[in-house]
Amino acid sequence: MSKKQIVAGRRLGLKLFLVLFDIVAVNLSYFLALVLRFYVNREFNIVWPTYLSVFLKFAPWYTILCVAVFWYFKLYNGMWRFAGFSDINRVINANAVSFVIQIVGTIICSRDVPVSRMPYSYYAIGASLQFALIFLSRFSYRIVTVELAKIAQNSASSVNVLVVGAGETARSFLRQIQIDRNEVMRPVCVLDTHSAEEQRLFDGLPVIAGIDSAEKAIKKYKIKGIVIADPLISAANKVKLKRLCQETKVELRNYSGQLKSDSGSLSLQQLLEHTNCPVTILSEGREQNFRDGEDALVSFTGKQDVRNVTLRDNRLLIELVTHKVAPLLTFYITNRPEVALVAEKYGVDRVWIDLETLGKEERQHNMNTVKSSHTIADIAAIKPLLTRAELLVRVNPWHEGSQAEIDAVIENGADIIMLPYWKTVQEVDKFLAAVNGRCRTTLLLETKEAVECVDEVLKRRFDEIHIGLNDLSLSYGLTFMFELLSNGTVEMLCKKFKKAGIPYGFGGIARLGDGLLPAEKIIMEHYRLGSTRVILSRTFCDQAKIQSIEEIDLVFRENMENLRDYEQSMADVTQEEFVRNKAEISGAVDVIVAQITRARSNEA
């Protein structure tokens, strides 16, 4: 028998065991509830047989319905050795539904007996016992394995270690040790170099106060290793620990720079601000030496995280990893081959051929928007020229000729097809069926009807989705398209996309420093909301106004460099700054809407 068959057999055996256990558990729970309710003074109440008959009458149906409910909530498919909060929610929901079934079912079954329902205490006790049994049956393995891991750390093969530090970094280290089954270190005590207070416990471990108590602790607890998990420890205390380890032949490790606390990773600045000894920094393959931490801070001021820290010969060796952010995926609309090549040259990710014409003039009449006149022939002209950028084609909204249009687009080489202005799940289904997996698909959400059915659409299989702010704002009758940012519509949709695991983006951006709403603020919203793609608008590079390809080349180079530089600055933005930017956008949108409204009133 193969290993795969053995594993499959074990899984089937576990499912059968859980089903049998649940059958016993759900009936035993409510039977015990009935006993506890009616067994008083060592005898059953006189009405016991009546209520027992109701229980027995409904028990077979309840058993079947419970197994079905538990199956629906996937209580037989979980990897319970990795059980977490989502699994707890499934157990709670399944038991809640079965509780309702128990109430309704016993009321129905009591119609033929002289009682209207079972006692309230019966339902309360039975539901509690059932939840406890089902919860323990799923989570007992997880609980036992965690405890066994702790016991394993106390085995003879473990090495007693003293942890230096009584803060969040030390706590993170202890948590890391607990979850790593292969780790041989066994923390037995904590050394706090910043306090003289004795008789304390830190995460269950005794606290030793003061650096001078370290030698005594080594002897008392038979320490074989010391771990520094304190980013604020002084250089003098580090030197003392190093000498002590050399004298006692105890291994010394420094973990203070490579652990993450609950608030995020330890930054280089935090480490250097408290370093008084000489420093060597390894960054991007280069090694630089400094007199102390203050001297090093002059050269290293960016957002860089500490990968590893080692104390060697009274010199702190710090290995850095530069914190970078992923750039947004950029789209640019053009059917001019020479412009497409320039866009690709400077890092545009997708060249966009726009075939959409149906209904667009009516929707955007008298609006200063892009209304293209691209053709399928443009696809065949541009696709062979691209070596890195992808070719995205927006087809027309679903209509009678959509199948033929989609077939032609795919035959001419489109990498991605976009469906615009859809309003129903059925339109999306027809579009996906027409593409039939022949290339990637993206949906352009730009109607209020699409918003209303988006939950159902997200159950379909497609590759990505984009929010079209212009038409969506028109659909809602808004004055300015970025009102969708300030009123929470975009954020609400982004949360849905993120939960569904679908890559998403929204709207477009002008070049930095331009636009009614500055592009910089919109980009910050992209990063706050988890968007990964954006359209480069006409004002990013207006090819209709620039005839010289040399000038287009210059504009693209400058604007793409500025965009990418600004994106990297997002690594330094704090959560408070993101929240403040959101509030500033709302204020700016209100001002712009008022200006547009006044201008329209004056024109009228």
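Reply: In this predicted model, eight strands form a closed barrel in the order 15-16-17-18-19-20-21-22, and their pairing is parallel. From one strand to the next, the twist averages 30°.

Strands 21 and 22 show how such a pairing looks in detail. Strand 21 covers residues 504–509 and strand 22 covers residues 533–536; the two run parallel and are joined by three bridges. Within this pair, Gly 508 has Ile 535 of strand 22 standing opposite. Helix 20 packs on the sheet here, where it touches both strand 21 and strand 22. The direction of helix 20 makes about 180° with that of strand 21.

Helix 20, made of residues 519–529, also has a helix as a partner: its axis and that of helix 21, residues 549–569, come within 11 Å. The two axes cross at roughly 50°. The crossing in which helix 20 passes helix 21 is right-handed.

The side of helix 20 in this contact is formed by Glu 520, Ile 523, Met 524 and Tyr 527. They meet Leu 563, Tyr 566 and Glu 567 of helix 21. Sorted by kind, the residues of this contact are five nonpolar and two charged, with no polar ones.

Taken together, helix 20 touches strand 21 and strand 22 of the sheet and also meets helix 21.

Conventions
Residues are numbered from 1 along each chain as its sequence is written. This is a predicted model: local features need pLDDT of at least 70, side-chain atom pairs count only at pLDDT 80 or more; totals for chains, interfaces and linings use all residues. Side-chain values use heavy atoms; hydrogens and water are left out. Axes are lines fitted to C-alpha atoms, for helices over the stretch in contact, and angles run from 0 to 180 degrees between N-to-C directions. Helices (H or I, at least four residues) and strands (E, at least two) are DSSP runs, numbered from the N terminus. A crossing is left-handed if the near helix is turned anticlockwise from the far one by less than a right angle, and right-handed if clockwise. Contact means heavy atoms within 4.5 Å. Ala, Val, Leu, Ile, Met, Phe, Trp, Tyr, Cys and Pro count as nonpolar, Asp, Glu, Lys and Arg as charged, and the others, Gly among them, as polar. Two strands pair if DSSP finds at least two bridges between them.
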